[in-house]
Amino acid sequence: MTAHLPSAVRLLMVKADGCVAVHADGGAYKPLNWMNAPNTLVEEEARWVVTNPKGETLEIQLEEVVVDVAHDLGDDPGLSKDGVEAHLQALLAAQPDFLEMGLRLVRREYPTDIGPVDLLCWGVDGSAVAVEIKRRGEIDGVEQLARYLERLQRDPLLRPVRGVFAAQLIKPQAKVLAAERGIDCVEVDYDALRGLDSDELTLF
């Protein structure tokens with residue numbers, strides 16, 4: 001499959017993790033085209049060629065460079081959780097069986113050099129399991145967990161490390177990307193975690 005963007009003024013972003021994204025002025029945060037890390041970026045005269053391990057390529061023709069800026073964003077402090085997401089993390093830490101039978105918690109907010117993964121657990125097979133928890137599961141959350149897994153795999157005391165992406169609702173696109181990255185997806189019932197029956201009503 002091929003895709004083509006016509007010539008226009010674009011914002012090209014190359015992140016420290018190797019991700020390359022092509023943005024327009026609209027479309028919110030979603031790029032028009034992109035290549036996720038890991039990949040290789042080769043700069044040629046008036047052209048960039050980005051290639052991933054599967055052999056897929058993204059070619060960018062540079063007709064004019066309006067602004068060229070490099071900026072170090074420093075250490076990422078991680079994402080702050082909203083009330084529901086933080087509560088989900090606490091409930092799943094106390095009841096990891098909701099994610100996978102026999103799962104045992106090692107630590108909440110297990111640190112990596114790019115931020116903490118929500119839960120680190122041991123599976124019944126003895127493998128380490130990294131869990132990222134979102135209220136709504138989208139592609140960005142899968143990418144975030146994939147980055148954590150890449151860092152955790154470097155620890156000889158942990159590897160191999162499996163990934164579990166947990167949310168109340170996971171979008172189909174996120175499930176496809178997770179499967180491609182070898183990450184398991186689990187949709188969790190918030191009421192069941194809190195010990196409430198699905199037909200139980202709260203009156204105000």
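Helices here are DSSP runs of H or I with at least four residues, and strands are DSSP runs of E with at least two, both numbered from the N terminus. What we have is a predicted model, in which local features need pLDDT of at least 70, side-chain atom pairs count only at pLDDT 80 or more, and totals for chains, interfaces and linings use all residues. Residues are numbered from 1 along each chain as its sequence is written, and side-chain values use heavy atoms, with hydrogens and water left out.

Let me begin with the backbone. Most residues other than glycine have a negative phi, and most peptide bonds are trans.

The bond from Ala37 to Pro38 is cis, its omega being near 0°, and Pro38 sits in the loop that runs between β3 (33–35) and β4 (40–44). The bond from Arg159 to Pro160 is cis as well, with omega near 5°, and Pro160 lies in the loop between α2 (139–152) and β10 (161–170).

Now to phi. Ala46, a residue other than glycine, has a positive phi near 65°, and its place is in the loop between β4 and β5 (47–51). Ala46 has 38% relative accessibility and therefore counts as partly exposed, a term for values between buried, under 20% relative accessible area, and exposed, over 50%, with a 1.4 Å probe and protein chains only.

Where does Glu109 lie? Glu109 belongs to strand β7, which covers residues 104–110, and the phi of Glu109 is positive too, near 50°. With a relative accessible area of 29%, Glu109 is partly exposed.
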